[in-house]
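Here's a quick briefing to read alongside the model. Have a look at the fold, then at the rings.

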Amino acid sequence: RTRMSNKGLLHRRHIRIKVLQSFYAYEMEENASTGDAVRGLFESIDNIYDLYLLMMSSFGELYAAAEAKKEIILRKRFKEKDEEKAFDAFLNSPILKAIVENEFLKSAREAYKINWNEDDSDMFARIFSLLAESKMYEDYREKKVTPTEDLQFACNLFRDFIVNDESLQETLEEKCISWPDDLDLVAITVLKTIDAFDTGNYEKNRLAQLYKDKEDDLEFAKKLLQSTLRNKADISDLVQGLSKNWEWSRIAKMDRMVLRLGFAEAINFPNIPVKVTINEYVDLAKEYSTEDSATFVNGILDKGIKKLTTEGTIEKQGRGLIQ
């Protein structure tokens, strides 16, 4: 089994999403400064790691719910046959123990001051009840599982009962408005983390890091946002010239913002290939606007980048050359 690599959970695509969100917040707020926008961007990126720690901690919350339910059964005067063993398979799961007892997770939660609230315990008690009554848990407890099956149980538990629980998703949004957009990325990272855990040597079970290269990632985010804000007017004029059938004010707000980011990246990052930039912002338009927006953004970026390249405004280096 491989250990967690130090690739970092943050991808360039997600940084672009964060910059788009920060740009949107800047546009919505009167008298916002570029400095405010950059600080908000960095805080939003840091919040991703808080969510990762919180979701890793959700296993511990379920574990505590199982212990509480077992305690209630043990106190009962009259018990059904094998009732007090009902949750033992869950409580004795090697992979769950490895997660719950992870010292790196405990230290990180303490350092970042990340915890579920006491109010959330009812939610986890409900989720555990759903799990305990499920066919998945019945199959799990009825056989002696292999390490691979134990890991699969933990992954299915996380995917089917934790991360896709509507109440939990609503709770996350109440805690941080940007977390719903980060949840897919974080969920994938949680699954990769536990997949790399060694139940025989807890000391090796490290967590994912937020950054692959913190300085490089933050510089990319900052430069992309600053150049977008700085070149707003010029890019608006460029798009207006390219979309003769559309007045700037009639173009959907999100489409305008995606185009501004796309052109800012194409102009200010000579090492990023044109194809990469166009594909990334077409995908953002699909995700945050409409299918029609994606076609529109693709056409305008393609025409605009060719025009700016001919004029010498865009000069690509190495792999960034237009192919």
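What follows covers the overall build, then the aromatic rings and their charged neighbours.

This is a predicted model, where local features need pLDDT of at least 70, side-chain atom pairs count only at pLDDT 80 or more, and totals for chains, interfaces and linings use all residues. Numbering starts from 1 along each chain as its sequence is written, and side-chain values use heavy atoms, leaving out hydrogens and water.

**Overall build**
- The chain has 15 helices and zero strands, taken as DSSP runs (H or I, at least four residues; E, at least two) numbered from the N terminus.
- Its C-alpha atoms fill a box of roughly 85 × 35 × 35 Å along the principal axes.
- Of the 323 residues, 47% are buried, meaning under 20% relative accessible area with a 1.4 Å probe, protein chains only.

**Aromatic pairs**
- There are 11 aromatic pairs, that is, Phe, Tyr or six-membered Trp rings with centres within 6.5 Å (planes under 30 degrees apart are stacked, over 60 edge-to-face, the rest tilted).
- Y137 and F153 have ring centres 6.3 Å apart and planes at 40°, so they count as tilted.
- Y137 sits in helix α7 (residues 135-141) and F153 in helix α8 (residues 147-163), so this pair ties together parts 16 residues apart in sequence.
- Y63, F87, F90 and F128 make up one aromatic cluster.

**Charges over rings**
- The charged end of K223 sits over the ring of F269, 4.8 Å from its centre; the cut-offs are NZ of Lys or CZ of Arg within 6 Å of the ring centre and within 35 degrees of the ring normal.
- R12 lies over the face of F220, 4.1 Å from the ring centre.

Definitions and conventions
Buried < 20%, exposed > 50% of the residue type's maximum accessible area, 1.4 Å probe, protein only.
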